[in-house]
Amino acid sequence: MLRVWNNVYADAKENGTALAWELENIERGKPTIIKHLLRYLDVGRIGLELACGRGQNIKYLINKGKEMYGSDISSVAVAQSGLKNVICAESTDTPFETGFFDFIIDIGGFHHIERKNRSKYITEVCRLLKTHGYFAFSCFDTLDPYNTANKWAVSKYGLYVNFSTLAELRTLFEKKFKIKEVIKITWPSTKNRDHSAIGMICQTKS
Ligand SMILES: C[S@@+](CC[C@H](N)C(=O)[O-])C[C@H]1O[C@@H](n2cnc3c(N)ncnc32)[C@H](O)[C@@H]1O
């Protein structure tokens, strides 16, 4: 999977093209979920973006006064980000210190985590957050027009993407978090129909 993601970013750089998930920033200034999350965060605050890609959201949040870190499975994306606090790591297993972050975001990364690894992912997010820390994520839902199998889809690069229902996400995250907000999101697409996604803002229980 690492090689596939590296190819995605290497091709984008070579062709000078934006990737589909970069369009929300380009067309709307920032991802919807970040706009909502910022209402919960005071001045300062240390944040992490899991699956941060080329670091577009991290750069935005640094400009908003946050101290930001990031990680992504793709070493090519990490290199292209040009950011010093961004490292190459699987979202389910990062080297960051326990309880270091006030907030964590994941914009379009969670739907690439295989279902069998979802609990491991949630355990890692909880490990990294301070008590009452915030976790905000967005992922494809089952209403997405490109969800042909209603379960898994494989892109032209051979990437796995999974599609979740709101009920499924609630069941998963309610075990460890208080769900503060659920947001219906449309993501711009490189094709003719927008993507359909769910955003969720959660807070760790004490
Ligand atoms: C849709 S992109 C989103 C990138 C970024 N969040 C953004 O909005 O620009 C998904 C990202 O997830 C990363 N990724 C996929 N599987 C991963 C995993 N298991 N651990 C960490 N990153 C992963 C990919 O390399 C890719 O950068």
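What follows is a set of questions about this predicted model and the reasoning behind each label.

Biologist: Why is Ala 51 called buried?

Modeller: Ala 51 has 25 C-beta neighbours inside 10 Å. The cut-off for buried is 20 or more, so Ala 51 counts as buried. Ala 51 sits in the loop between strand 1 and helix 4 (56–63). Its phi is near 55 degrees, a positive value in a residue other than glycine.

Biologist: Is His 132 buried or exposed, and what makes it so?

Modeller: His 132 has 11 other C-beta atoms within 10 Å. A residue with 12 or fewer is exposed, so His 132 is exposed. His 132 belongs to strand 5, and its phi, near 65 degrees, is also positive in a residue other than glycine.

Biologist: What makes the protein chain agree with a compact globule?

Modeller: For 206 residues, a compact globule would have a radius of gyration near 17 Å. The protein chain has 16 Å, so the value agrees. The C-alpha trace spans about 45 × 40 × 30 Å along its principal axes. Buried residues make up 36% of the 206 residues.

Biologist: How do you know that strand 1 and strand 2 pair, and in which sense?

Modeller: Pairing needs at least two bridges. Strand 1 (residues 46–50) and strand 2 have 5 bridges, in the parallel sense. Glu 49 stands opposite Gly 70 in strand 2.

Biologist: What makes strand 2 mostly covered?

Modeller: Strand 2 (residues 67–72) has 6 residues, and 5 of them are buried.

Biologist: Which residues touch the most other members of the largest nonpolar core?

Modeller: That core has 46 residues, and those touching the most other members are Leu 37, Ile 104, Ile 105, Val 125, Phe 135, Ala 136 and Phe 137. Strand 5 (residues 129–140) gives the largest share of the core, 7 residues. Leaving aside residues up to four places away in sequence, Val 125 touches Ile 104 and Phe 135.

Biologist: Which residues are closest to the ligand, and how many surround it?

Modeller: The ligand is surrounded by 19 residues, the closest being Trp 5, Ala 51, Gly 53, Ile 73 and Gly 108. This shell divides into 8 nonpolar, 8 polar and 3 charged residues. Gly counts as polar in that division.

Technical notes
Residues are numbered from 1 along each chain as its sequence is written. This is a predicted model: local features need pLDDT of at least 70, side-chain atom pairs count only at pLDDT 80 or more; totals for chains, interfaces and linings use all residues. A residue is near a molecule or strand if its C-beta atom, placed from the backbone, lies within 6 Å of it. The radius of gyration is taken over C-alpha atoms; the globule rule is 2.2 Å times the number of residues to the power 0.38. A nonpolar core is a set of buried Ala, Val, Leu, Ile, Met, Phe, Trp, Tyr and Cys residues joined through C-beta atoms within 7 Å. Helices (H or I, at least four residues) and strands (E, at least two) are DSSP runs, numbered from the N terminus. Two residues are in contact if their C-beta atoms, placed from the backbone, lie within 7 Å.
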